[in-house]
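Hi everyone, thanks for coming. I'd like to walk you through one model today, so let me put it up on the screen.

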Amino acid sequence: MAEFLQYLVTGVTIGSIYALAALGFAIVYNASHVINFAQGEFIMIGGMATATLTAAGVPLPLAILAGIAGAMLVGVLIAKFAVERARNASVVTLIIITIGASIFLRGLAEVVWGKEFHRLDSFSGNAPLMLGGAVVTTQSLWVLGVTAALILATGLFFNRTMAGKAMLATSHNRLAAQLVGVNVRHVVLAAFALSAALGAMGGAVVAPITYSYTEMGIMLGLKGFAAAALGGLGNGVGAVAGGLIVGIAESLSAGYISSAYKDAVAFVIIVAVLVFMPGGLFGRAGTERV
Amino acid sequence: MFRKRLLCAVMTASAVALGAMSALAQSGQPIKIGSILSVTGPASFLGEPEKKVLELYVDRINKAGGVAGRPIQLTVYDDGGAADKAASFTKRLLESDGVDAILGGTTTAATMAAVPLVERAGVPFISLAGAVVITEPVKTWVFKTPHTDRMAVEKVYGDMKKRGFTRVALLSEDSGFGKSGRDQALTVAKLVGMTVVADETYGAKDADVSAQVTKIRGAEGVQAVLVSGLGQGPAMVTRDYRKLGVSAPLYHLHGVASKEFIRLAGDAAEGVRLPAAGLVVAAQLPDSDPQKKVATEFTKTYEEAFKSEVSTFAGHAYDALMIYTDAVKRAGGTDKAKVRDAIEQTKGYVGTGGVVNMSATDHMGLGLDAFHMVEVKKGDWALVK
Amino acid sequence: MTHRLLGLGLLAVVLALLPLGLPNNFYLDMAILAGLNAIVCVGLNLLVGFAGQVSLGHAGFFGIGAYATAVLVSTHKWPALLALAAGALLSAVIAFAVARPILRLKGHYLAMATLGIGIIISIVLRTETRITGGPDGMIVDPLNVFGFEVYGERVWYWVVAGLLLVTVWLALNLIDSPVGRALRALHGSEVAAETLGVDTARFKAMVFVLSAVFASVAGSLFAHYAGLITPAKADFLKSVELVTMVVFGGMASTFGAVVGAAILTVLPQLLTVFQDYQHMMLGLILMLTMVFMPKGLLPTLAGLVQARTSLGGRR
């Protein structure tokens with residue numbers, strides 16, 4: 001039982017990061033119908049900036065904010081100079097543009113921060129808590145708390161604010177939104193900025209658990225994509241649920257089946273689900289425009 | 001028929017090429033040394049200092065007039081810790097850069113990927129990697145400078161037994177070094193009467209090993225844990241190990257003997273024990289130790305040049321360069337076969353790893369006496385007495 | 001028809017003359033690797049360019065071919081050609097089994113599913129250490145065909161060049177066949193093709209299997225040639241590299257796929273001169289090419305030339 005609890009704690013913690021990444025995928029997808037393969041790099045930027053800035057003596061909150069700001073700037077630049085310009089290109093061309101962006105960002109990070117691993121201390125001490133025989137680190141609590149707060153804030157933004165409603169409207173019907181006066185181009189930029197902020201914040205809180213290095217975003221991003229597809233592309237609640245499902249399944253199978261196959265779990269789940277439910281768990285199967 | 005003709009053609013071509021090269025080589029041309037190192041990737045804290053040391057000492061040698069009047073031209077490629085890249089860069093060094101020798105292979109995997117190529121090409125190759133498979137069985141052109149993982153395991157088990165532990169849990173990395181270390185740990189355990197009670201693995205690029213550590217925590221009667229890995233991986237293991245509150249003493253192999261390991265693992269590294277060459281504890285060695293002088297001098301040069309602390313890996317690269325240049329001097333040139341013979345005859349070279357005495361049956365030439373158990377205390381290495 | 005033969009002839013001439021311009025074996029080595037990638041890309045282009053189906057998992061099939069050869073030849077001492085055929089068969093069976101359910105998916109879901117399958121294959125190859133040697137891979141015996149050992153860059157170059165010509169010829173014939181026309185209809189609109197009585201699902205599955213087989217054969221040859229195979233050759237980044245080659249050179253253009261493979265195989269080697277900046281450069285080049293030439297290099301250039309000549313003709 002203690003073991004099961006331990007696996008569950010680990011799973012929920014890492015699942016939270018997947019959820020944040022998946023939410024980022026969903027927001028960008030809604031606004032522009034682009035899958036942004038550079039989403040993982042936002043996580044990397046957040047983690048690297050926070051780790052290196054605090055090491056240089058910058059207070060933690062300031063370092064996190066700087067990381068978020070940097071990621072948002074990068075996100076807006078990608079949206080403005082790459083995605084917007086290639087609006088009418090095919091799905092696969094857009095995929096390659098965002099992959100090009102992610103290769104570029106990793107290369108940039110290597111130049112700016114170097115290729116070595118960076119350590120970031122836990123936000124509030126190393127003394128762990130015990131929960132029914134399982135060890136819960138304070139950093140896990142930070143991850144959970146921050147994720148919950150961000151998801152809540154994102155939900156409020158989309159349902160309660162004018163800007164959020166305009167973004168939602170655009171995802172439902174781009175033309176109609178345009179007709180009622182929504183600036184669709186700004187919506188795409190805002191979506192990239194928002195998803196970058198979510199990713200970077202996730203990167204900052206997870207950095208004390210995983211270390212920060214230039215390649216940290218690759219797997220986190222891909223699993224975030226899997227989680228987003230699992231929940232149904234463009235479905236925010238589904239994305240969060242998908243992230244937690246992937247995280248927990250991964251941790252449990254690492255414990256009970258095989259730790260070596262841990263990374264395959266997310267993809268086995270998503271392939272299996274897509275075979276039987278082509279629109280993900282919570283999505284509707286799309287109809288193709290003729 | 002076809003095959004014969006082909007072989008013939010290949011042989012004539014290489015003979016012509018070889019002849020041309022050696023003719024060029026003898027006339028004051030630079031000595032071309034190639035190197036494949038893991039400057040990035042999971043083994044970067046091994047490869048990075050290795051690269052810096054090679055560049056520093058090649059520069060110093062050239063400023064001092066070169067080797068027998070010939071300057072050294074160094075070409076370093078970064079394999080990023082990937083064996084396939086190491087193989088293709090080796091090809092590039094051999095075919096395009098036409099090097100006289102190759103130093104490196106930071107990791108066991110990179111080394112073993114390069115071995116078939118250098119053996120076929122007939123170029124002296126001095127590896128900086130740890131596993132015993134590199135030099136056992138002996139390969140004609142392949143040498144190495146660090147102690148083997150087998151020696152490291154013997155040293156660790158010796159220390160465990162001294163502290164009264166006989167039940168050990170293994171946690172090994174899926175890298176070449178990690179796997180080889182695990183094999184040695186299992187084999188040597190039988191010989192010295194240790195019992196392996198748990199045998200888990202982790203991936204070099206994993207971000208989290210708490211599942212494996214949880215299993216070890218639950219295993220029956222674990223008295224000590226041995227981690228077989230190199231570079232960043234073991235630092236992560238160390239942190240998850242402390243995080244989950246496992247109390248059994250933690251041991252590593254010599255693939256982490258760098259301050260970078262302590263920096264990455266932080267407080268979690270306290271109390272970790274591992275075998276390492278005397279270099280990292282040079283100041284604590286008794287004056288009678290033959291290594292003391294070399295190790296102290298090297299440490300001083302390194303720390304002045306780079307403003308960072310020396311690691312054993314930097315020393316492996318230094319030793320390889322010294323052994324090669326010394327062999328070139330004795331062979332009177334860079335003729336590959338002669339230099340190979342000269343390397344094999346290296347005797348009494350006092351390096352950062354110990355006193356090297358090579359032979360036709362031993363292409364490493366180190367004894368156990370230069371290998372010390374060290375413990376991390378207050379963020380620094382302390383010699384275990 | 002003549003157009004097709006012209007292209008093939010031109011490719012043959014280029015391949016025949018290329019070795020004369022290459023100073024040493026290192027460049028020949030790059031040409032061989034480019035050729036092997038081109039074989040995969042020509043197949044992949046049938047799927048991505050003509051059938052309009054994304055695959056982010058084709059390196060998985062390359063890996064299956066490579067490891068089938070590595071394990072069967074080096075460990076079990078099978079004849080090389082038999083092992084190559086076994087790998088191709090295994091790839092075909094896997095591709096066939098997953099094709100129907102997966103190719104029903106649209107756009108990004110298809111990308112996700114193929115990506116997932118590719119990653120699963122590469123993780124299996126990485127994890128089954130006892131059979132595959134794990135992350136550090138395994139050493140592979142040289143290619144031996146009926147007692148002749150294919151060894152050395154010169155010989156390999158001609159083997160790969162010959163095979164590339166055959167692959168391109170096959171692809172061109174397929175594109176021009178009734179099946180090919182159905183394929184092109186598919187890329188335009190699947191629903192429209194179906195109303196015309198084309199069994200799109202069958203064709204998509206067929207092309208998927210065929211492209212998997214091409215990838216597998218190239219993988220087998222690569223394993224023999226390189227002498228070392230690691231799971232990195234089957235992973236996500238390799239899959240992305242392959243698709244990028246196809247799109248970079250020009251989607252729906254067989255010769256575009258060959259050009260794309262050649263450029264993107266050589267480019268990273270050339271970029272090593274930028275040292276620390278090489279990854280930035282690679283990413284930037286990919287982005288800029290795709291943003292400014294979304295149809296890819298060859299079709300865009302061909303379009304430019306055509307516009308120039310028709311303009312000149314009018315004048």
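**Chain A and its two partners**

Phe117(A), Arg119(A) and Tyr211(A) supply 28% of what chain A buries against chain B, more than any other three residues.

Quick housekeeping before I go on. This is a predicted model, so local features need pLDDT of at least 70 and side-chain atom pairs count only at pLDDT 80 or more, while totals for chains, interfaces and linings use all residues. Residues are numbered from 1 along each chain as its sequence is written, chains are lettered from A and ligands numbered from 1 in the order in which they are written, and side-chain values use heavy atoms, with hydrogens and water left out.

Back to chains A and B. In residues, 26 from chain A are in contact with 28 from chain B, contact being heavy atoms within 4.5 Å.

Which parts of chain A face chain B? Helices H1 (2-32), H8 (184-210), H10 (236-256) and H11 (262-276) of chain A each put in at least two residues, and H1(A) gives the most, with four. Helices and strands are DSSP runs numbered from the N terminus: H or I with at least four residues for helices, E with at least two for strands. By class, that side of chain A has ten nonpolar, nine polar and seven charged residues. For the classes, Ala, Val, Leu, Ile, Met, Phe, Trp, Tyr, Cys and Pro are nonpolar, Asp, Glu, Lys and Arg are charged, and the others, Gly among them, are polar.

**Over to chain C**

Now the other partner. Chain C and chain A bury about 4000 Å² between them, 81% of it on carbon and sulfur atoms. His108(C), Tyr109(C) and Met112(C) supply 19% of the area chain C buries against chain A, more than any other three residues. The contact takes in 44 residues of chain C and 48 of chain A.

How many salt bridges turn up across the interface of chain C and chain A? One: Asp263(A) pairs with Arg126(C), with the closest N and O atoms 3.9 Å apart. There are also six residue pairs in polar contact between chain C and chain A, both at pLDDT 80 or more. On the chain C side, H5 (107-127), H9 (190-195), H11 (236-249) and H13 (278-292) are the elements giving two or more residues. H5(C) gives the most, with 14. The class count for that side is 31 nonpolar, seven polar and six charged residues.

**Chain A by itself**

Chain A has eleven helices and two strands, running α-α-α-α-β-β-α-α-α-α-α-α-α from the N terminus. Its radius of gyration is 19 Å, which agrees with the value near 19 Å for a compact globule of 290 residues; that is taken over C-alpha atoms, and the rule is 2.2 Å times the number of residues to the power 0.38. The C-alpha atoms of chain A fill a box of roughly 55 × 45 × 35 Å along the principal axes. Of the 290 residues in chain A, 58% are buried, meaning under 20% relative accessible area, with exposed over 50% and partly exposed in between (1.4 Å probe, protein chains only).

In chain B, a cis peptide bond joins Glu136(B) and Pro137(B), with omega about 0 degrees. Pro137(B) sits in the loop between strands E4 (125-127) and E5 (142-144) of chain B.

Then there are two alanines. Ala68(B) has a positive phi of about 50 degrees although it is not a glycine, and it lies in the loop between helix H2 (44-63) and strand E2 (72-78) of chain B. Is Ala68(B) buried or exposed? At 64% relative accessibility, Ala68(B) counts as exposed. Ala252(C) also has a positive phi, about 65 degrees, and is partly exposed at 36%.

Terms used: Buried area = accessible area lost by both parts, 1.4 Å probe. Salt bridge = Lys/Arg side-chain N within 4 Å of Asp/Glu carboxyl O. Polar contact = N/O pair within 3.5 Å; in protein donor to acceptor, adjacent residues only side chain to side chain.
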